[in-house]
Amino acid sequence: MSDPTASPPAPMNMVWPGEAYPLGATYDGAGTNFSLFSEVAERVELCLIAKDGTETRINLDEIDGYVWHAYLPTISPGQRYGFRVYGPWDPSKGLRCDPSKLLLDPYGKSFHGDFDFSQALYSYDLEADPPGSGTPPRVDSLGHTMTSVVINPFFQWGSDRAPKTPYHDTVIYEAHVKGMTQTHPGVPEALRGTYAGLSHPVIIEHLQSLNVTAIELMPVHQFMHDHRLLDLGLRNYWGYNTVGFFAPHFQYAATRNAGGAVAEFKTMVKAFHDAGIEVILDVVYNHTAEGNHLGPTINFRGIDNAAYYRLLDGQPEFYKDFTGTGNSLNARHPHTLQLIMDSLRYWVLDMHVDGFRFDLASTLAREFYDVDRLSAFFDLVQQDPVVSQVKLIAEPWDVGEGGYQVGNFPGLWTEWNGKYRDTVRDYWRGEPATLGEFASRLTGSSDLYEATGRRPSASINFVTCHDGFTLNDLVSYNEKHNEANGEDNRDGESHNRSWNCGVEGPTDDPEILALRAKQMRNIMATLMLSQGTPMIAHGDEIGRTQLGNNNVYCQDSELSWMDWSLCETNADHLEFTRKVVAFRKQHPVFRRRRFFEGKPIRSGDQVRDIAWLTRAGTEMTPEDWGAGLGTCVAVFLNGEAIPTPDARGERVVDDSFLLCFNSNDHPEDFVTPNGDYAAEWTADLDTADPVGNSDLVVKAGEKISIQPRSVLVLRKTA
């Protein structure tokens, strides 16, 4: 198909054959190799975009294994470019080639510009009835879409080294690049909302004060704002709408020159590594921003629709949607799998990140309909010498049938433990829950992970995250309040397992405020005292609120940004959080590498590695486990029964502890254990106090009162 708007071709002596791999645009110091996969294409043009917006088109005549390529010796970093793909147009067969669309490079390392969502981005008449029908209008998208940018891949990493923090020593802090920095008074205004702002010393010092070992960044792959949200005056704040799996989102860069986001991102990673903090990326390989059949054509759809997307059986003009976003990436296709794996390796090898959290990871495991633990994606990750060696965290569910897969991922993987979240929320709001469930979650969820040879650290323990209530809102609201999102409060989860402590939302009642503060301490303490890998949601350490909105995906505003003035307003909670995280760091009994066995530690000894105790101080019997709700319980953790040595093979020995939990609304008397457990106990932590302090000292067999809705941690001192 010819195009009358085409620019003259470049001189042939300036176009060399080049190589099929690596895919994308690769600058080698002298020129740039361009490479694009498309099995369906009949012709491919590389389009070079000048600063004035004019276009030079170059036919890619070299084809190897459906990869179209050329080398241009004169092209250097900063060059903007795109592709036009000529081929069949027959949506009824899943074929959607449209050369009027300037297409982004799937392997693009940087992008420039924005999308205007005019007719030019769509391969159908926006006025057609029904939508998506009729003859494509073929409006050129140049000037209406982003363009890809050639980057300079060279960077002075110096002595940068990955911290490689073991999972059992890891504390994850989930954060948003813009939300963390947009209002911080210590971050220069020009750096707020950027990678440079996130790695500013005041932010790093805050994380270090919390003893955080890893920052997990919400999506930083280049993403697109939804047209619907823009029409409502909103934005895709969270960023789960990827257009480029190799490019850092350039709007998060303080350096706005072409390709500047790449160097700024690397500088950020280096700063975190210098502080001993790992960088984990929340990645969205399950879908793209092109949406369903009514979405724009910006890259994958126009390059090779059937290769990149799961199409509906028998109706390939439509898309399978396991994600609730309109499409699902086709992880069954070898070139799509290659794209995912190439992207992961790029972020590890070139960008030096330390791991990934996979959004809706169950979608990647779907071979046909069922989630398959032995899918090709898992096979590739398992054998990959680069990707298999970094932290791999699954969000083990999607919205499709059978998508909830907590506990079912392979041995290399850790998982967001949704069952931990639900159990801890239910326990502290006083909902019926079996004691066995709470005990299992507190001790690492062996019922979920031990059968696959995994350790307690496979459980990423969290009670709050970006999706849902903040910790403050979890104890302040019974219902979601998402009216600001423009969907009549229909969006977001309706079953939040939250409790407002008696009043919905803000209140001046000092008793309710005190109870809410204590409930936040209870949850934070439970998180840090649990076996597994804890994750804190950004701002929970200072009591951040979203005013009851549990779905701020579209709120790029003060509603979703960190309010750093809360460091002073909620100074006690910040001090408590720092204290309880440091407490976990100091005591290896709370971060064991192996599951408890409930057995004596040596022959003839009656003291076990763990023991659950009744309020009378006696070991629980099977009858006790099934006797009721288990709202007041105690657990003994034996610091002399840690079975695994340290990194140098030395035996690990810690103090022994009694953890006393009371989620009732009244005090509960508890007798400290006698006999084999005879000891003097000193309180190290009491959530009944605003900063966790206590001067309690008690002997074996003595009665103590556990305050309403509180955690008391006793350390064996004699």
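Q: Hi! Is the crossing of helix 9 and helix 13 left-handed or right-handed?
A: Hello! In this predicted model, helix 9 and helix 13 cross in a right-handed way.

Q: Nice. What angle do helix 9 and helix 13 pack at?
A: The angle is about 140°, and the axes of helix 9 and helix 13 are 11 Å apart. Angles over 145 degrees would count as roughly antiparallel, so helix 9 and helix 13 are called oblique to each other.

Q: Which residues meet where helix 9 packs on helix 13?
A: From helix 9 you have Tyr 420, Val 424 and Trp 428. On the helix 13 side they meet Gln 519, Asn 522, Ile 523, Thr 526 and Leu 527.

Q: How many of those are nonpolar, polar or charged?
A: The contact of helix 9 with helix 13 has 5 nonpolar and 3 polar residues, with no charged ones.

Q: OK, what about helix 9 and helix 10, how far apart are their axes?
A: Their axes are 10 Å apart, and the angle between them is about 125°. Helix 9 covers residues 418–429, while helix 10 covers residues 435–442. This pair is therefore oblique too: helix 9 and helix 10 get that label from their angle.

Q: And is that crossing left-handed or right-handed?
A: Helix 9 passes helix 10 in a left-handed crossing.

Q: Which residues does helix 9 use there?
A: Helix 9 uses Lys 419, Tyr 420, Thr 423 and Tyr 427, which meet Glu 437, Phe 438 and Arg 441 of helix 10. Sorted by class, the contact of helix 9 with helix 10 has 3 nonpolar, 1 polar and 3 charged residues. Look out for Tyr 420 when you turn the model: it meets helix 10, and it also meets helix 13.

Q: Back to helix 13. How do the axes of helix 13 and helix 15 cross?
A: They cross at roughly 15° and come within 9 Å. Helix 13 spans residues 510–529 and helix 15 spans residues 571–586. With the angle under 35 degrees, helix 13 and helix 15 are therefore roughly parallel to each other. The crossing of helix 13 with helix 15 is right-handed.

Q: What meets what between helix 13 and helix 15?
A: Helix 13 brings Met 520, Arg 521, Met 524, Ala 525, Leu 527, Met 528 and Leu 529. Facing them in helix 15 are His 573, Phe 576, Thr 577, Val 580, Val 581, Phe 583 and Arg 584. These residues divide into 10 nonpolar, 2 polar and 2 charged.

Q: Let's zoom out. What domains does the chain have?
A: The domain assignment gives domain 1 at 24–150, domain 2 at 172–284 and domain 3 at 597–716.

Q: How many Å separate the centres of domain 1 and domain 2?
A: Taken over C-alpha atoms, 28 Å separate the two centres. The contact takes 15 residues from domain 1 and 17 residues from domain 2.

Q: What area is buried between domain 1 and domain 2?
A: About 1,200 Å², with carbon and sulfur atoms giving 73% of that. On the domain 1 side, Lys 109, Phe 111 and Phe 117 supply 42% of the area that domain 1 buries against domain 2, more than any other three residues.

Q: Switching topic: where is Gln 119?
A: Gln 119 is in the loop between strand 10 (111–112) and strand 11 (147–149). Leaving aside residues up to four places away in sequence, Gln 119 touches Tyr 124, Asp 125, Leu 126, Pro 137 and Val 139.

Q: Where are there cis peptide bonds?
A: One goes from Tyr 21 to Pro 22, with omega near 5°. Pro 22 sits in the segment before strand 1 (24–27). Another joins Asp 129 and Pro 130, where omega is about 0°. You'll find Pro 130 in the loop between strand 10 and strand 11.

Q: Last one: which residue has a positive phi although it is not a glycine?
A: Asp 488, with a phi of about 55°. Asp 488 lies in the loop between helix 12 (471–474) and helix 13. Most residues other than glycine have a negative phi.

Conventions. Residues are numbered from 1 along each chain as its sequence is written. This is a predicted model: local features need pLDDT of at least 70, side-chain atom pairs count only at pLDDT 80 or more; totals for chains, interfaces and linings use all residues. Side-chain values use heavy atoms; hydrogens and water are left out. Axes are lines fitted to C-alpha atoms, for helices over the stretch in contact, and angles run from 0 to 180 degrees between N-to-C directions. Helices (H or I, at least four residues) and strands (E, at least two) are DSSP runs, numbered from the N terminus. Angles under 35 degrees count as roughly parallel, over 145 as roughly antiparallel, 65 to 115 as roughly perpendicular and the rest as oblique. A crossing is left-handed if the near helix is turned anticlockwise from the far one by less than a right angle, and right-handed if clockwise. Contact means heavy atoms within 4.5 Å. Ala, Val, Leu, Ile, Met, Phe, Trp, Tyr, Cys and Pro count as nonpolar, Asp, Glu, Lys and Arg as charged, and the others, Gly among them, as polar. Domain bounds come from an automatic or database domain assignment. Buried area is the accessible area (1.4 Å probe) that two parts lose on being put together, summed over both.
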